[in-house]
Amino acid sequence: MATCPNFDVQFAGITPDLIIKMQQEVTGKGGTFQCDSLVGNISISVQGIETIVESYIINQQSITLSIIDKPFLTPCSVIQTQITKMIEVF
């Protein structure tokens with residue numbers, strides 16, 4: 001397993017509702033979502049085999065994400081793109 005550099009996703013209007021929606025999205029896909037209002041950890045299984053573990057910190061207008069454990073062969077850019085798309089839906 002490997003890590004990725006931190007990255008930010010810009011998001012106007014981060015609210016507690018956003019966190020609830022993110023939690024529902026992750027747990028609905030079989031992942032785990034542990035958080036308080038500003039920081040947390042997420043674990044998501046990809047294709048039932050690989051697990052991506054990330055932590056996040058919510059700032060006023062962005063979410064800083066740290067991929068702290070990922071499959072070695074999965075590029076960081078692919079993970080970043082998928083997470084950014086998921087967050088932008090909200």
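Is D36 buried, exposed or partly exposed? D36 is partly exposed, with a relative accessible area of 44% (buried means under 20% relative accessible area, exposed over 50%, and partly exposed in between, using a 1.4 Å probe and protein chains only). What you're looking at is a predicted model, where local features need pLDDT of at least 70, side-chain atom pairs count only at pLDDT 80 or more, and totals for chains, interfaces and linings use all residues. Residues are numbered from 1 along each chain as its sequence is written, and side-chain values use heavy atoms, with hydrogens and water left out.

**The overall picture**

- The protein has two helices and five strands (both are DSSP runs numbered from the N terminus: helices are H or I with at least four residues, strands are E with at least two).
- Reading from the N terminus, the order goes β-α-β-β-β-β-α.
- Of the 90 residues in the protein, 38% are buried.
- Take the contacts between residues at least 6 apart in sequence: 45% of them join residues at least 24 apart (contact means heavy atoms within 4.5 Å).

**The nonpolar core**

- In soluble globular proteins, nonpolar side chains tend to be buried together.
- Here, the largest nonpolar core has 22 residues, and F33, Y56, I63, L65, I67, I83 and I87 touch the most other members (such a core is a set of buried Ala, Val, Leu, Ile, Met, Phe, Trp, Tyr and Cys residues joined through side-chain atoms within 4.5 Å).
- The elements giving two or more residues to this core are β1 (7–10), α1 (16–28), β3 (39–46), β4, β5 (62–69) and α2 (76–89).

- V9 sits in strand β1 and counts as buried because its relative accessibility is 3%.
- Although V9 and I63 are 54 residues apart in sequence, their C-alpha atoms are 5.3 Å apart in space.
- Not counting residues up to four places away in sequence, V9 touches Q61, S62, I63, L65, T84 and I87.
- S62 belongs to strand β5 and is buried, with a relative accessible area of 8%.
- Leaving aside neighbours within four places in sequence, S62 is in contact with V9, Q10, F11, I14 and I57.

**I57 and a patch on the surface**

- You'll find I57 in strand β4 (residues 50–58), and its relative accessible area of 45% makes I57 partly exposed.
- Together with L38 and V39, I57 forms a nonpolar patch on the surface, with about 250 Å² of accessible area between the three.
- A patch is made of residues with over 30% relative accessible area and no salt bridge; like charges are joined within 9 Å, and nonpolar side chains (Val, Leu, Ile, Met, Phe, Trp, Tyr) within 5 Å.
- A salt bridge, in turn, is a side-chain nitrogen of Lys or Arg within 4 Å of a carboxyl oxygen of Asp or Glu.
- Setting aside neighbours within four places in sequence, I57 is in contact with L38, V39, S62, I63 and T64.

**Back to D36**

- D36 is in the loop between β2 (32–35) and β3.
- From D36 to I57 is 21 residues in sequence and 10.0 Å in space, C-alpha to C-alpha.
- D36 and P16 are 20 residues apart along the chain, and their C-alpha atoms are separated by 9.7 Å.

**The disulfide**

- A disulfide is a covalent bond between the sulfur atoms of two cysteines.
- This structure holds one disulfide (defined here as a pair of cysteine sulfur atoms within 2.5 Å).
- The partners are C4 and C76, with their sulfur atoms 2.1 Å apart.
- C4 lies in the segment before β1 and C76 in helix α2, so this pair ties together parts that are 72 residues apart in sequence.
- The link of C4 and C76 is left-handed, with -95° about the S-S bond.
- C4 counts as buried at 9% relative accessibility, whereas C76 is partly exposed, with a relative accessible area of 24%.

Methods. Areas by Shrake-Rupley, 256 points an atom, 1.4 Å probe, with all protein chains shown as cover.
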